[in-house]
Amino acid sequence: MKATHLYLLLHVFLSTSVLVSTFEPFSTALVLGIGATLGRTIYNYLHESCEPKWIALNATGLKVDLDRKLYGQHIASRIILKAVSGFMSNDNPKKPLVLSLHGWTGTGKNFVSQLIADNVYKEGMDSSFVHIFTSELHFPHASQLETYKSQLQQWIKGNVTNCAHSMFIFDEMDKMHPGLIDSIKPYLDYYDKLDGVSYRKAIFIFLSNAGGESITQTALDFWKAGRDREEIELKDLETLLSLAVFNNKKSGLWHTSLIDKNLVDFFVPFLPLEYRHVLQCAMAEMIARGHQPDPSVADQVARDVVYFPKTERVFAVKGCKTIESKLDYYI
Ligand SMILES: Nc1ncnc2c1ncn2[C@@H]1O[C@H](COP(=O)(O)OP(=O)(O)OP(=O)(O)O)[C@@H](O)[C@H]1O
Ligand SMILES: [Mg+2]
């Protein structure tokens with residue numbers, strides 16, 4: 001698609017250049033001017049910029065993706081759609097959007113971040129305005145905390161100066177040094193501007209396993225009581241979640257005032273996944289690989305996964321995380 005457009009535009013551009021030679025100086029300058037403008041247009045057309053053409057929420061797309069691609073997360077799905085749509089339709093937000101996604105491993109936290117990026121940025125996760133930090137990868141040495149702090153602050157400032165609609169994803173937030181979390185706090189707050197830069201249109205997403213166990217316990221209680229998973233409401237988890245995050249002494253979040261200063265707009269719980277969700281993940285993966293989805297293969301894959309608690313075997317220990325590699329054995 002892009003290649004065809006490029007070809008057409010270059011064709012117009014080249015034909016214009018040929019014309020130049022047959023014109024007198026004034027017209028030549030004019031045509032060259034048009035050529036330069038055209039060149040810029042081509043560049044802007046093909047090169048991502050901080051413009052609505054490249055950054056705009058596709059609310060319907062996000063809803064469809066959450067409904068069709070994200071399994072077993074009715075609470076997260078609802079909160080995310082509301083939070084992102086509300087924020088992106090506000091021309092003058094008072095603070096950046098800060099989402100904190102919590103839950104058991106392999107339940108879709110990174111996956112949802114990708115769905116958000118896909119529906120806000122034309123280039124999705126490949127956008128030069130989407131940035132991911134992973135504590136253990138980017139900030140591995142506690143001794144270098146001061147360096148990391150200033151690098152991170154400079155990095156955020158530079159990127160938001162370059163494009164107000166930047167998105168920052170902090171993975172493994174529970175493994176991040178509290179001092180480092182503290183250093184990004186000012187950017188999440190209700191400031192009009194900091195050093196002349198406004199951060200109010202940025203999106204910050206924190207991912208962690210903090211609170212995963214209490215979310216799982218609630219899901220298990222519902223299951224044992226024979227209640228439908230969809231009956232679980234945010235209010236059933238909210239208090240538990242904030243308690244778990246506050247009381248977890250290992251969690252960086254616990255030490256900071258991110259929570260009590262209300263800088264996080266939404267705490268988003270991710271429920272542990274059951275056999276039927278793993279089955280759906282396996283089917284989706286077959287389709288993604290261009291195979292005909294085969295329910296019996298999906299069933300084999302889902303049955304091969306380890307479930308907990310040991311006696312009830314309700315939730316997948318690794319969620320949908322290993323499905324992709326497991327499928328290699330079966331097809
Ligand atoms: N709820 C879900 N619906 C659909 N696919 C899912 C879901 N959860 C996980 N997956 C699939 O499994 C893969 C791994 O999930 P993901 O990386 O999002 O887990 P996570 O919650 O970030 O886990 P961790 O806490 O270990 O980082 C995803 O890329 C996606 O393909
Ligand atoms: Mg993850």
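This section describes the predicted model of the protein and the surroundings of its ligand.

The protein has 331 residues, of which 36% count as buried. Its secondary structure comprises 14 helices and seven strands. Of the contacts between residues at least 6 apart in sequence, 77% join residues at least 24 apart. The mean pLDDT is 88, and 88% of the residues reach 70 or more. Over residues 12–21, however, the pLDDT is below 50, and this stretch has twelve contacts in the model beyond near neighbours in sequence. Residues 6–10 also stay under 50 in pLDDT, with two contacts beyond four places in sequence. Where pLDDT is low, the predicted coordinates should not be read in detail.

Ligand 1 is surrounded by 19 residues, and the closest are Thr-105, Gly-108, Lys-109, Phe-111 and Cys-320. By class, this shell consists of seven nonpolar, nine polar and three charged residues. Helix α5, which spans residues 109–120, gives the most to the shell, with three residues. Domain 2 (59–270) and domain 3 (275–330) each supply at least three residues to the shell around ligand 1. In an unreviewed UniProt entry, the feature "binding site" is placed at Gly-103, Trp-104, Thr-105, Gly-106, Thr-107, Gly-108, Lys-109 and Asn-110. Thr-105, Gly-108 and Lys-109 from that record are also among the residues closest to ligand 1 in the model.

Trp-104 is buried because 26 other C-beta atoms lie within 10 Å. Thr-107 also counts as buried, since it has 32 C-beta neighbours inside 10 Å. Not counting residues up to four places away in sequence, Trp-104 touches Asn-209, Gly-212, Ile-215, Thr-216, Phe-270, Pro-272 and Gly-319. With neighbours within four places in sequence again left aside, the contacts of Thr-107 are Phe-270, Leu-271, Pro-272, Leu-273 and Gly-319.

Beyond residues up to four places away in sequence, Thr-216 touches Trp-104, Pro-272 and Phe-315. The C-alpha atoms of Thr-216 and Phe-270 are separated by 9.0 Å, with the two residues 54 apart along the chain.

His-131 is found in strand β2, residues 130–134. With 14 C-beta neighbours inside 10 Å, His-131 counts as partly exposed. Its contacts, leaving aside neighbours within four places in sequence, are Asn-159, Ser-166, Met-167, Phe-168 and Ile-169. For one of these contacts, Ile-169, the C-alpha atom is separated from that of His-131 by 6.1 Å, and the two residues are 38 apart along the chain.

Several backbone features were also noted. The peptide bond from Phe-308 to Pro-309 is cis, with omega near -10 degrees. Pro-309 lies in the loop between β6 (307–308) and β7 (315–316). Positive phi values in residues other than glycine include those of Glu-172, with phi near 50 degrees, and Asp-195, with phi near 50 degrees. Glu-172 is placed in the loop between β3 (167–171) and α8 (178–188), whereas Asp-195 lies in the loop between α8 and β4 (203–208). Glu-172 is partly exposed, with 18 other C-beta atoms within 10 Å. Asp-195 has 8 C-beta neighbours inside 10 Å and so counts as exposed.

Note on methods:
Residues numbered from 1 in each chain as written. Chains lettered and ligands numbered in written order. Predicted model: local features only at pLDDT ≥ 70, side-chain atom pairs only at ≥ 80, totals over all residues. Near = placed C-beta within 6 Å. Helix = DSSP H or I, 4+ residues; strand = E, 2+ residues; numbered from the N terminus. Nonpolar A, V, L, I, M, F, W, Y, C, P; charged D, E, K, R; others polar. Domains from an automatic or database assignment. pLDDT = per-residue confidence, 0-100. Contact = placed C-beta atoms within 7 Å. UniProt positions renumbered as here; feature names shortened; annotations may be inferred. Buried ≥ 20, exposed ≤ 12 C-beta atoms within 10 Å, placed from the backbone.
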